[in-house]
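Hello,

Here is the structure you are taking over. Please look through it first; my notes follow.

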Amino acid sequence: MICCKECLELLCDYLDGELDPKISASLEEHFQDCPPCIAFVNTYKSTTHISRTTMKNVEIPEVVQARLKKFIDEHKSKQ
Ligand SMILES: [Zn+2]
């Protein structure tokens with residue numbers, strides 16, 4: 001099973017459709033059990049959509065990245 005950190009690392013390739021189908025399937029499996037990752041994907045998608053259509057080189061807002069990292073850290077420490 002893929003962890004949240006790996007999801008984030010694979011996300012670009014996943015959204016570009018460049019991932020191995022098996023890895024994509026593992027990612028999707030992870031998303032089913034991980035609402036924060038889904039939320040992140042949605043944010044990421046809308047951000048890249050905006051960047052592709054209007055602003056071109058916008059990356060994920062640092063606030064979003066920081067928030068997600070914080071969540072992952074908290075999640076980990078609880079386990
Ligand atoms: Zn996750």
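Of the contacts in the protein between residues at least 6 apart in sequence, 46% join residues at least 24 apart. Two residues are in contact if their C-beta atoms, placed from the backbone, lie within 7 Å.

This is a predicted model: local features need pLDDT of at least 70, side-chain atom pairs count only at pLDDT 80 or more, and totals for chains, interfaces and linings use all residues. Residues are numbered from 1 along each chain as its sequence is written.

The protein has 4 helices and 0 strands. Helices (H or I, at least four residues) and strands (E, at least two) are DSSP runs, numbered from the N terminus. The pattern along the sequence is α-α-α-α.

Of the 79 residues, 6% count as buried. Buried means that 20 or more other C-beta atoms, placed from the backbone, lie within 10 Å of the residue's own.

The largest nonpolar core has 5 residues: Cys7, Cys37, Phe40, Tyr44 and Leu68. Helix α3 (residues 35-55) gives the most to this core, 3 residues. Such a core is a set of buried Ala, Val, Leu, Ile, Met, Phe, Trp, Tyr and Cys residues joined through C-beta atoms within 7 Å.

Beyond its neighbours within four places in sequence, Cys37 is in contact with Cys4, Cys7, His30 and Phe31.

Now helix α1. A kink of about 50° is centred on Leu10. The bend at a residue is the angle between axes fitted to the seven residues ending there and the seven starting there. Gly17 follows α1, and its phi is positive, near 75°.

Best wishes

Conventions
Buried ≥ 20, exposed ≤ 12 C-beta atoms within 10 Å, placed from the backbone.
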